[in-house]
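Please read these points with the model open beside you. They go from the chain as a whole down to single residues, after one opening question.

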Amino acid sequence: MTNRPSNYFEAIGKRKTAAARVRLIAHKNKKEEASFLINDKTLKEYFSGLELQETVFSPLKETNLLNLFNVSVKVKGGGVTSQAGAVRHGIAKALILFDIELRK
């Protein structure tokens, strides 16, 4: 058993040859906007296309948890579309660790 805080959830997402290590940390201050970093860049810097940004955000939007977590991602391999899919997959898996009822 690991000694990780109860507000921390980590998962690995994969798509084709891309892999993403996703970390969700519960956002404490509800008034501030949650941060979203991919390879130490903001989401808009890393995925400049709106469609790729929507792909990445889709699990958080579907579960209405968009501003609940600070998200940190390390992604490598594949092209940008595969990387966006890997990040989405990792976020979805981490959300299931947060609440198993979100699986459906």
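Is D40 buried or exposed? D40 has a relative accessible area of 63%, so it is exposed. Here buried means under 20% relative accessible area, exposed over 50%, and partly exposed in between, with a 1.4 Å probe and protein chains only.

1. Basis of the note. This is a predicted model, in which local features need pLDDT of at least 70 and side-chain atom pairs count only at pLDDT 80 or more, while totals for chains, interfaces and linings use all residues. Residues are numbered from 1 along each chain as its sequence is written, and side-chain values use heavy atoms, with hydrogens and water left out.

2. Elements. The protein chain has three helices and five strands. Read from the N terminus, their order is β-β-β-β-α-α-β-α. Both kinds of element are DSSP runs numbered from the N terminus: helices are H or I with at least four residues, strands are E with at least two.

3. Overall form. A compact globule of 104 residues would have a radius of gyration near 13 Å, and the protein chain agrees, because its value is 13 Å. The radius is taken over C-alpha atoms, and the globule rule is 2.2 Å times the number of residues to the power 0.38. Along its principal axes the C-alpha trace spans about 35 × 30 × 25 Å.

4. Of the 104 residues, 33% count as buried. Among contacts with a separation of 6 or more, 71% are between residues 24 or more positions apart. A contact means heavy atoms within 4.5 Å.

5. Charges. The protein chain carries 18 positive and 10 negative side chains, and the centres of the two sets lie 6 Å apart. Lys and Arg count as positive, Asp and Glu as negative, while His and the chain ends are not counted. Each charge is placed at NZ of Lys, CZ of Arg, CG of Asp or CD of Glu.

6. The sheet. In general, strands of a sheet pair through backbone hydrogen bonds, either parallel or antiparallel. In this model, five strands form an open sheet with mixed pairing, in the order β1-β2-β5-β3-β4. Its edge strands, β1 (8-15) and β4 (41-42), each pair on one side only. Two strands pair if DSSP finds at least two bridges between them. Strands β2 (residues 18-26) and β5 (residues 69-76) run antiparallel and are joined by eight bridges. A26 has F69 as its bridge partner in β5.

7. L37. This residue lies in strand β3 (residues 36-38). L37 has a relative accessible area of 36%, and therefore counts as partly exposed. Leaving out residues up to four places away in sequence, L37 touches T42, V71, S72 and V73. The C-alpha atoms of L37 and R23 are separated by 10.0 Å, with the two residues 14 apart along the chain.

8. Q83. Helix α3 (residues 80-98) contains Q83. Its relative accessibility is 8%, so Q83 counts as buried. Beyond its neighbours within four places in sequence, Q83 is in contact with residues including A18, Y46, F47 and V75.

9. Two loop residues. Most residues other than glycine have a negative phi. K16, in the loop between β1 and β2, is not a glycine but has a positive phi of about 50 degrees. K16 is exposed, with a relative accessible area of 68%. D40 sits in the loop between β3 and β4, and its phi is also positive, near 65 degrees.
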